[in-house]
Each structure stands twice: as structure tokens, then as C-alpha cells.
Amino acid sequence: MAVKILGIAGSPRHGNTDVMVKTALEAAESTGDVEVDFFSTADFEISGCTSCYNCTKTNMDQLCLGRGVRKDDANQLFKRMIDADGWLVGVPVYFGSIPAQFKALVDRSMAVEMAGYGFRNKVAGALTVAFDRNGGLERTITDLQSWFLIHDMIPVSVGPERPDHGIGCYWGATCLQGWPYPVHSSEMEKSLEGVKEDVIGMQQTKYLGMRVAEMTKVIKAGYEKADTVWPYKGI
Ligand SMILES: Cc1cc2nc3c(=O)[nH]c(=O)nc-3n(C[C@H](O)[C@H](O)[C@H](O)COP(=O)(O)O)c2cc1C
């Protein structure tokens, strides 16, 4: 059974996050029967939620209505997100959390919930990159996973010592912008793909891609058999 996995790079520029998400997608694809899609929020306009609550009157065709019809790109991205069976989502750490542009997409996704729980039961893996080793990598991953959980999605990762000693990424894949020391952002060109030097982080990234592929296949296969799955029956 083929599954579709979407890579979402949530940096406002094309750099390390793109490298991580594309690497994870390639690893997912290498498992077979995986079709991939990718977008970076750097290429789209996404404004913040204005709390208009017009999403209480929306549906899957319309999604975020905003105050009047939204002219930005959030709804076309939501359609690609709904269309995928699994996601690999990466963000850079900004002040210990998610960048503002990406958080706008997170907040606006309330329209997908209101329209009919369009993200429910999708599998998702989280990836982050930061300058500092203790700059907020894992706590940013849990911000992404909170978003997944609120949508009834299924966050997955790779536990300790699996498959190699010291490579487990308990919550999700994390990279530094260089290894063993981060490449300083003043060296712009080199710093944009500093993650490639982080061999452990890149290995975690590949394993996470494969893990998301594995669980997406499992969930999709179960989904087609189960008769208690929303919106058909059950809760
Ligand atoms: C506004 C801003 C805030 C940042 N905050 C943090 C931070 O809290 N911790 C950290 O380690 N790095 C921080 N960084 C560094 C980025 O996480 C790092 O450069 C990352 O590699 C950028 O990813 P990208 O190349 O995909 O954009 C920050 C960068 C910017 C521009």
C-alpha cells in the first residue's frame, strides 16, 4: 500500500531546516511505497490568526475564512497537509521555540479542526535545528508535538539505542548548525547547510524519516480495516 509523506520546512529561509526535512523525506522514500511532497514556509505568505472565529462556520473546501476570504497561502498549504498520510515537520529554534511565521500556520490550523478534524490520525515526526547545543532543541520539538496531539495526530520518534548506539532521538531529530562547533551565522553561505557536518543529527534525521514511513504504513493499513475510525463511527 502506498502512502504519501509530506515534508514541511518551517524556517523563514532556505537553509538547515530544508536540508534536514529533505534528508528525512529521502530516507522515508527509500523504504518503498512512499510518495513524497515538500514545502517550505519560506515560499509562502502566512499571516497570524485574528481570532475572528469564522472557522466555526467553515468546511473542508473553505478552511480558514478569516475576516472575509483570506488572500494568503495558508489554505492551499492546509490542503496539501490534509492530502498526506504522514508528515515530517522541521523548524529552526527561535528564542527556544517555533519561529513566528510557522506559529502563524499552527494557529490558523484551527480551521482544519473546525472544518472536520482533517489532520486526525496522521503520523508525524518532528525535527529541529539550532545554533546552541542547549539552545532549546528538545523543548521546541515538544511544541511541535503538542500541535500534533491537539489535532489527534500520532507523534512518533526513535527510542534509545535504536538502531545504533547513541543515535536514538527520543523525542525527534535534532541537529546543530555545524559540528562539533556550530558554523557562525556571519559565515552565511556555509552556515546555511552546517547541519550536514552534524553526523549524529543527520543520522537521527534519516532514522526518523524511516520511522515515520513505517508507522504511516501501519496506521494507513489499519485505518482501511478498522470500522471504528472517525468520522465513520466511534468518538
Ligand atoms: C530570531 C532568531 C532566534 C534564534 N533563537 C535561537 C535559540 O533560541 N537557540 C538557538 O540555539 N539558536 C537560535 N537561533 C539560531 C537558529 O536556530 C539557527 O541559525 C538555525 O540553524 C536556523 O535554521 P535555518 O538555517 O533552517 O533557518 C535563532 C536565530 C534567529 C534568527
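An oxygen atom of the ligand sits 2.8 Å from an N or O atom in the R13 side chain, a polar contact (a pair of N or O atoms within 3.5 Å). The protein covers 78% of the 640 Å² of accessible area that the ligand has on its own (Shrake-Rupley method, 1.4 Å probe). This is a predicted model: local features need pLDDT of at least 70, side-chain atom pairs count only at pLDDT 80 or more, and totals for chains, interfaces and linings use all residues. Residues are numbered from 1 along each chain as its sequence is written, and side-chain values use heavy atoms, with hydrogens and water left out.

**Ligand shell**
- The ligand is surrounded by 16 residues, each with a heavy atom within 4 Å of it.
- The closest are S11, R13, T17, V93 and Q177.
- By class, the shell holds seven nonpolar, seven polar and two charged residues (nonpolar: Ala, Val, Leu, Ile, Met, Phe, Trp, Tyr, Cys and Pro; charged: Asp, Glu, Lys and Arg; polar: the others, Gly among them).
- α1 (16-29) and β4 (123-130) each supply at least two shell residues; helices (H or I, at least four residues) and strands (E, at least two) are DSSP runs, numbered from the N terminus.

**Backbone contacts**
- A polar backbone atom of G96 lies 2.9 Å from an oxygen atom of the ligand.
- A polar backbone atom of G135 lies 2.9 Å from a nitrogen atom of the ligand.

**Helix packing**
- The axes of α1 and α7 (residues 199-225) come within 7 Å and cross at roughly 50 degrees, so α1 is oblique to α7.
- Axes are lines fitted to C-alpha atoms, for helices over the stretch in contact, and angles run from 0 to 180 degrees between N-to-C directions.
- Oblique is what remains after under 35 degrees (roughly parallel), over 145 (roughly antiparallel) and 65 to 115 (roughly perpendicular).
- The α1 and α7 crossing is right-handed (the near helix is turned clockwise from the far one by less than a right angle).

Conventions: Polar contact = N/O pair within 3.5 Å; in protein donor to acceptor, adjacent residues only side chain to side chain.
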